[in-house]
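Here's a quick briefing to keep open beside the viewer. Have a look at the fold before reading on.

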Amino acid sequence: MTIRQALAAALQLFVLFAFFALGFFFVSLSFLHDVRTVLFGVLLDRPDLCALVGIGSFTAALLSAFGFYALNRGQYLLLQMGHHWLEIDREVLRQTVEPALRKEFADKLTISHIEIARKKEVEIGLFIAPMEEEEREQLLLRAEQHLETLLRERFGYRRPFKVQVLTSKL
């Protein structure tokens, strides 16, 4: 799991717990007459508190919306082609790399994820079938060379890239 995915999961979990707590509060409020009386007394005496709670709710909603947008916005690889800059979407990169790997390494490697950091660093996550250590090292060397050639020929990407290897029961 990448840092971006972990942040998205944490933000979604926070929002889920916030709604759960709000629901629990209002359901339990129906059984607690004394708390209702005190709460309504405070709200009647201090109407500005309603505005503060409303502003706090709007702020939390806006921060959540911006957070979800920032974590789920598109990722682009920014490449310089001569004097021009070219943006390549992460999904285009995946649609190019995935079939090439499937064709070359059929049952041994599959793509887990492709991430683009700071618009210039590529990370490719691979699931690898269980095998002997020496065979795994040879396979990963071949896969790295294949990916390097593919990225250079198709996109002109000449920078180093990261490969994250995960063991899987392909």
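What follows is a short tour of the model, from overall confidence down to single residues.

This is a predicted model, in which local features need pLDDT of at least 70 and side-chain atom pairs count only at pLDDT 80 or more, while totals for chains, interfaces and linings use all residues. Residues are numbered from 1 along each chain as its sequence is written, and side-chain values use heavy atoms, with hydrogens and water left out.

**Confidence and overall make-up**

- The protein chain has an average pLDDT of 79, and 85% of the residues score at least 70; pLDDT is the predictor's confidence in each residue, from 0 to 100.
- You'll find five helices and five strands here, where helices (H or I, at least four residues) and strands (E, at least two) are DSSP runs, numbered from the N terminus.
- Reading from the N terminus, the elements go α-α-α-β-β-α-β-β-α-β.
- Of the 170 residues in the protein chain, 25% are buried; buried means under 20% relative accessible area, exposed over 50%, and partly exposed in between, with a 1.4 Å probe and protein chains only.
- Take the contacts (heavy atoms within 4.5 Å) with a separation of 6 or more: 59% of them join residues 24 or more positions apart.

**The sheet**

- Three strands form an open sheet in the order β3-β4-β5, with mixed pairing; two strands pair if DSSP finds at least two bridges between them.
- β3 (109-117) and β5 sit at the edges with a single partner strand each, so one side of each has no neighbour in the sheet.
- From one strand to the next, the twist averages 20°.
- β3 and β4 pair in the antiparallel sense over eight bridges, and I114 has I124 in β4 as its bridge partner.
- β4 (residues 121-128) and β5 (residues 162-167) pair in the parallel sense over six bridges, with I124 opposite V163 in β5.

**Helices on the sheet**

- α4 (residues 90-105) packs on the sheet, touching β3 and β4, and its direction makes about 155° with that of β3. Axes are lines fitted to C-alpha atoms, for helices over the stretch in contact, and angles run from 0 to 180 degrees between N-to-C directions.
- The buried residues of α4 are L93, R94, T96, V97, A100, L101 and F105.
- α5 lies across β3, β4 and β5, running at about 140° to β4.
- In α5, the buried set is R136, L139, A143, L147, L150, L151 and F155.
- Why look at the spacing in such lists? An α-helix has 3.6 residues a turn, so residues three or four places apart point the same way.
- For α5 (residues 133-155), 23 residues at 1.5 Å a residue should span 33 Å, and the end C-alpha atoms are 32 Å apart, which agrees. The expected span is 1.5 Å times one less than the number of residues.
- Just after α5, G156 takes a positive phi of about 75°.
- β4, α5 and β5 make a right-handed β-α-β unit: with the strands pointing away from the viewer, the path from the first strand over the helix to the second runs clockwise.

- A61 is in helix α3 (residues 48-72) and counts as partly exposed, at 44% relative accessibility.
- A61 and V15 are 46 residues apart along the chain, and their C-alpha atoms are separated by 9.3 Å.
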